[in-house]
Amino acid sequence: MDSIRIRGGKPLSGKIRISGAKNAALPILCATLLSDGESLLRNVPALRDIDTTAALLRFLGRDVQAAAPLVRVGAGSDVRPEAPYELVKQMRASVMVLGPLLARFGRAKVSLPGGCQIGTRPVDQHLKGLEALGATIRLSRGYIVAECKRLRGAEVVFDLPTVTGTENLMMAAALAKGRTTLVNCAREPEVEELGRVLNKMGARVSGAGTDVIHIEGADELEPFDHAIISDRIEAGTYMVAAAAAGGDVLLENAPLEDLEAVAAKLRQAGVEVGREGDCVRVRRDAARPLRPVDVTTAPHPGFPTDMQAQFMVLMCLAQGTSRIVETIFENRFMHVPELSRMGAHIDVDGHTALVHGGAPLSGATVMATDLRASASLVIAGLVASEGETEVLRVYHLDRGYEFMERKLAQLGADTVRVEGRNG
């Protein structure tokens, strides 16, 4: 397995371009199952999760040509509406083929999903919604088996906001007969992006990006040509990296409007964040101390759970104690023991972490446990005052960050990928 080695203590300076959003590209790739013909996705990042989704679509019978930043998906051979465990276990977002397959072909057999080990993330809201649209669903030997001649529009009220659940139901409703209303929806920008694509395909979607979405289903949908929005979590990660290491960084195509919660906390900590043309500038004099900031994760537009681990590293540098409360996932502090190996002083009590900042971090060999934890350990390596940091199991990182070590090196960091490191 590859690792990343980092020698810290260098400020970051320069300009990098933010890649397309993984969490927008994945459901849109699944949406290609709703039509025949060739769909073209632009600005697609070169990531393991994209490769996994492309492999799944090929298994289902689609013709996929993936050469980031372009992905073409054509009709291919006869579709077999079954997503096997071997593919779905690699990435829980694979469950989003369930809605399109059921809506288009009247049946679907999809393995229960896998993905990062950051807590239980059930699909009960997906199944409840599909049953409301008329599907018959049963669980059999680890698989979801769903059938319906044609889905029919209905009102679905989610018990709690769910991003993939909202997206799965949007895609299913796009081919359902009549009008579907989804209530208590996730409001993430990636949900809004999927709504734009479904409208291009011929469905009539309104309210995507709010908590109530209306979908008028179509008898058939058309292929599409669409450029994916920029990745707000990648942008937020580099914002925090620049704040932690110090320096002056320009992030091209960074969606600051989707990162206001993160930007507000950075400013509160004493970091300069502002828009300059199509770029976001992040600037901090490393000699100036950071202020401690309390953070509570929340669904969009609140502070993203996907930014919690990275921000925790920044708070390790602040002069004082900060409180970080994780409300989305019950097991998302797995990076804390690894940060502690680098000298961080963090006390965890259930969903709350108290970060006692001010002590310098030192280089160490650490192990990534999930995607965003990987990024946090890389940032910790950037600010380690002595020694070398080696982050093991960066296949997690490769699921969601395009060439992270190269982009950081472009900003002046001493980061290098080591191929084939055991761990």
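Biologist: In this predicted model, which backbone nitrogen does the side chain of Asp-370 reach at 2.9 Å?

Modeller: Asp-370 lies in the loop between strand S22 (365-367) and helix H12 (371-383). At the start of H12, one of its side-chain oxygens comes to within 3.2 Å of the backbone nitrogen of Arg-372. The backbone nitrogen that the Asp-370 side chain reaches at 2.9 Å is that of Ala-373.

Biologist: How many of the residues of H12 are buried?

Modeller: Helix H12 spans 371-383. It is largely enclosed by the rest of the structure, because the buried residues number 13 of the 13.

Biologist: What is the arrangement of the rings of Phe-303 and Phe-311?

Modeller: The count of aromatic pairs comes to one. In that pair the ring centres of Phe-303 and Phe-311 are 5.5 Å apart, and their planes stand at 75 degrees. Phe-303 is buried with a relative accessible area of 5%, and Phe-311 is buried with a value of 0%. Since planes over 60 degrees apart meet the criterion, the pair is edge-to-face.

Biologist: Over the ring of which residue does the charged end of Arg-406 sit?

Modeller: Arg-80 lies over the face of Phe-59, at 3.9 Å from the ring centre. For Arg-406, the charged end is 4.1 Å from the centre of the ring of Phe-403.

Notes: Residues are numbered from 1 along each chain as its sequence is written. This is a predicted model: local features need pLDDT of at least 70, side-chain atom pairs count only at pLDDT 80 or more; totals for chains, interfaces and linings use all residues. Side-chain values use heavy atoms; hydrogens and water are left out. Rings of Phe, Tyr and Trp (its six-membered ring) pair if their centres lie within 6.5 Å; planes under 30 degrees apart count as stacked, over 60 as edge-to-face and the rest as tilted. Buried means under 20% relative accessible area, exposed over 50%, partly exposed in between (1.4 Å probe, protein chains only). A charge sits over a ring if NZ of Lys or CZ of Arg is within 6 Å of the ring centre and within 35 degrees of the ring normal. Helices (H or I, at least four residues) and strands (E, at least two) are DSSP runs, numbered from the N terminus. A polar contact is a pair of N or O atoms within 3.5 Å; within protein, one must be able to donate a hydrogen and the other to accept it, and residues adjacent in sequence count only if both atoms are side-chain atoms.
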